[in-house]
Amino acid sequence: MPQMGVSVAEGTLVEWKKQVGDWVEADEVICAISTDKIDTDVEAPASGRVQEIVVPVGETVEVGAVLARIATDARPGEPHMSESSSHEGTSEADAAVDAPGEAGELQGDTAEQHAEQPSAQEGAASRPGGRRYSPVVMRMAAEHDLDLSQIEGTGRGGRVRKQDVLAYLENGGGTKEEPPMHIESPYKPDAPSAPKKRAPRFEREPEPVSGATLSRMRQSIGRAMVESLQTAATCTTIVEADMTRVDAARRKLGVSFLPVVARATIETLREFPMLNATLEGEAYTRYTDAVHLGIAVALGDEGLIVPVIRDAQELSVEGLAKRIKDIATRARSGQLDPDEVRGGSFTITNPGGAGSIMATPVINQPQVAILDTEAVVKRPVVITDELGNDSIAIRQMTYLCMSWDHRALDGITAARFLRALADRLEAWPVD
């Protein structure tokens with residue numbers, strides 16, 4: 001199976017497209033896997049006849065698990081054993097179909113056509129009244145504080161599917177706001193903070209919960225981050241940038257800071273292709289013609305995912321804004337394709353939307369650098385006019401923080417790249 005992001009470790013089998021005894025061609029879809037992030041079809045690794053289905057519909061399996069076996073020595077149209085026949089005395093070459101791979105927590109919506117079968121109900125939850133829901137539907141209901149009995153289902157027998165919940169939310173249902181993303185505009189207007197209410201002295205402090213464990217997604221993200229730090233010789237370089245002209249330009253365009261920063265980063269990467277690169281072992285690959293830009297998208301408290309905008313150099317600021325919004329929306333609803341979360345050459349993450357002013361991000365392996373954009377805040381700074389006269393002015397400032405791999409780069413290269421990026425942003429055309 002293709003890699004599906006930094007937090008995919010298990011998946012729920014939601015549908016078998018083929019059954020025991022069916023003929024399947026190589027690369028033909030044989031089953032469907034659902035995750036909290038991506039719903040994807042699994043293609044057969046070889047041509048042959050389905051000999052055995054190992055994982056039933058509704059069961060959640062870890063990465064690397066065998067889902068089915070294919071007899072590759074069979075021939076189309078020839079007599080074959082039925083599902084109930086004995087397997088003894090047959091000659092077969094097993095072809096394993098692996099579960100989706102990489103880091104995180106996967107749960108899926110059970111397939112409609114199997115909703116009435118006992119195996120399809122494994123891994124599904126039930127509510128009073130006999131209605132049953134898949135793990136994804138239950139998770140979405142808890143996240144958005146939904147009463148699933150109020151949602152009309154379009155599945156078999158009126159069963160509520162993930163698509164029904166998404167449609168309900170799009171039409172104004174639910175009470176909770178969407179979780180914040182890393183890609184929101186980092187600019188936060190000044191506003192007085194509400195005074196904190198002091199708890200009475202006689203109230204008891206909440207007791208910590210003991211024995212709790214990290215979710216599978218958090219464990220997987222943790223493993224990926226630790227592996228990155230153990231693999232790369234990670235260093236961080238920080239440069240200050242005046243975003244006043246960018247702010248004026250992005251307001252005219254009606255976009256956030258991120259698309260402008262992304263466009264400026266792409267142009268700067270074309271000048272510094274040594275940062276638009278990957279390093280796997282001793283294999284160092286530079287991308288000199290194309291920038292495959294990863295954008296980190298937060299998935300609430302569950303984790304994050306990094307969709308990739310391929311050939312991002314071909315997009316304008318407006319085009320980047322549309323693509324970023326699209327991939328972020330689909331990431332939150334678990335509608336990304338596997339190819340959209342792999343193959344990146346450089347990543348941007350933006351915790352500045354939550355008010356952060358400085359950070360040291362972890363490199364998204366196997367890339368050699370990651371740019372962290374921080375909050376844009378108004379500060380008094382010294383500016384110099386064309387005659388060399390200094391004055392103090394209120395400007396919109398930010399820090400550009402970049403972690404990079406010292407195996408592939410040196411500090412002088414990282415500093416020059418960030419300075420070139422800052423200069424480009426500070427001179428950004430307003431008209």
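Asp326 and Arg330 sit four residues apart in helix α6 (residues 317–332), about one turn of the helix; helices are DSSP runs of H or I with at least four residues, strands are E runs of at least two, and both are numbered from the N terminus. The model is a predicted one, in which local features need pLDDT of at least 70 and side-chain atom pairs count only at pLDDT 80 or more, while totals for chains, interfaces and linings use all residues. Residues are numbered from 1 along each chain as its sequence is written, and side-chain values use heavy atoms, with hydrogens and water left out.

The side chains of Asp326 and Arg330 meet in a salt bridge at 3.0 Å, N to O; the term stands for a side-chain nitrogen of Lys or Arg within 4 Å of a carboxyl oxygen of Asp or Glu. Asp326 is partly exposed, with a relative accessible area of 33%, whereas Arg330 counts as buried at 17%. Here buried means under 20% relative accessible area, exposed over 50% and partly exposed in between (1.4 Å probe, protein chains only). Arg330 also forms a salt bridge with Glu340, the closest N and O atoms being 2.6 Å apart. Glu340 lies in the loop between α6 and β17, so this pair ties together parts that are 10 residues apart in sequence. Both Glu340 and Arg330 are buried. In total, the structure holds 16 salt bridges.

Rings of Phe, Tyr and Trp (its six-membered ring) pair if their centres lie within 6.5 Å, and planes under 30 degrees apart count as stacked, over 60 as edge-to-face and the rest as tilted. By this rule there are two aromatic pairs. Phe272 and Phe417 are edge-to-face, at 5.8 Å centre to centre and 90° between the planes. Phe272 belongs to the loop between α5 (257–271) and β11 (277–280) and Phe417 to helix α7 (residues 411–426), 145 residues apart. Phe346 and Phe417 form a tilted pair, with 6.1 Å between centres and 55° between the planes. Phe346 is in strand β17 (residues 346–349), so its pairing with Phe417 in α7 ties together parts 71 residues apart in sequence.
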